[in-house]
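This report describes selected local features of a protein model, together with its pockets. Please consult the sequence and the structure shown here while reading.

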Amino acid sequence: MPFLFCNINDVCNFASRNDYSYWLSTPALMPMDMAPITGRALEPYISRCTVCEGPAMAIAVHSQTTDVPSCPQGWISLWKGFSFVMFTSAGSEGAGQALASPGSCLEEFRASPFIECHGRGTCNYYSNSYSFWLASLNPERMFRKPIPSTVKAGELEKIISRCQVCMKRRH
């Protein structure tokens, strides 16, 4: 639980509520018994990142097709990925970011890209957690009523919008 809560009396509490936190996960497979994971055993499941400062702002560009979009003229590519919108979980919990944010373009597609952790120190993938991805659209049907469908594993990358993160080229 990476946060604490404070009241108007200048009293703060750490890990004393049943709060939730969500972490970008790795592709590591969960234990077969699906038991909640705690402590150091969590390390293989939590993604690591490096924050870098670039010479210019980065943006994400989404195609709403399965084709990777081009960067605007005068911009360079940093990475290509899949268009991630948001996730939800228990009750009204959830989060996302602006589609212009580089965080909306994940390099790998995974149906469950986040692991949920509880204030009691346990983490797992739960059946009430959902990830939302920008769908690829047929340009011929873009402004028509969508046709509902269910897509299974192995076919998912064929319906997820592709994206590219771009940075303005320095002159």
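## A buried loop residue

Thr122 has a relative accessible area of 14% and is therefore buried, since buried means under 20%. The model under discussion is predicted. Thr122 belongs to the loop that runs between strand 8 (114-118) and strand 9 (123-124).

Apart from neighbours within four places in sequence, the contacts of Thr122 are Pro36, Ile37, Thr38, Glu116 and Cys117.

## Residues with positive phi

Most residues other than glycine have a negative phi. Asp10, although not a glycine, has a positive phi of about 60 degrees. Asp10 lies in the loop between strand 1 (4-6) and strand 2 (12-14). With 74% relative accessibility, Asp10 counts as exposed, because the cut-off for that class is over 50%.

Gln64, another residue other than glycine, also has a positive phi, near 55 degrees.

## The largest pocket

Rolling a probe the size of a water molecule over the atoms shows where empty space is left. The largest pocket contains about 940 Å³ of space. Its lining consists of 31 residues, and those closest to the centre are Leu24, Cys49, Trp79, Gly103 and Leu106.

Which strands each supply at least two residues of this lining? They are strand 3 (20-24), strand 5, strand 6 (94-96) and strand 7 (105-106). Strand 5 provides the largest share, with 4 residues. By class, the lining of the largest pocket comprises 19 nonpolar, 7 polar and 5 charged residues.

## The second largest pocket

For the second largest pocket, the volume is about 520 Å³. A total of 19 residues line this pocket, and Ala135, Ser136, Ile147, Ser149 and Ile159 are nearest its centre.

How many residues of this lining are nonpolar, polar and charged? The lining of the second largest pocket has 12 nonpolar, 5 polar and 2 charged residues.

How values were computed
Residues numbered from 1 in each chain as written. Predicted model: local features only at pLDDT ≥ 70, side-chain atom pairs only at ≥ 80, totals over all residues. Heavy atoms only, no water. Buried < 20%, exposed > 50% of the residue type's maximum accessible area, 1.4 Å probe, protein only. 1 Å grid on protein atoms, 1.4 Å probe; cavity = no way out; pocket = protein on both sides within 12 Å on 5 of 7 lines; lining within 4 Å. Points joined across faces, edges and corners; volume = space filled by probe spheres on them. Nonpolar A, V, L, I, M, F, W, Y, C, P; charged D, E, K, R; others polar. Contact = heavy atoms within 4.5 Å.
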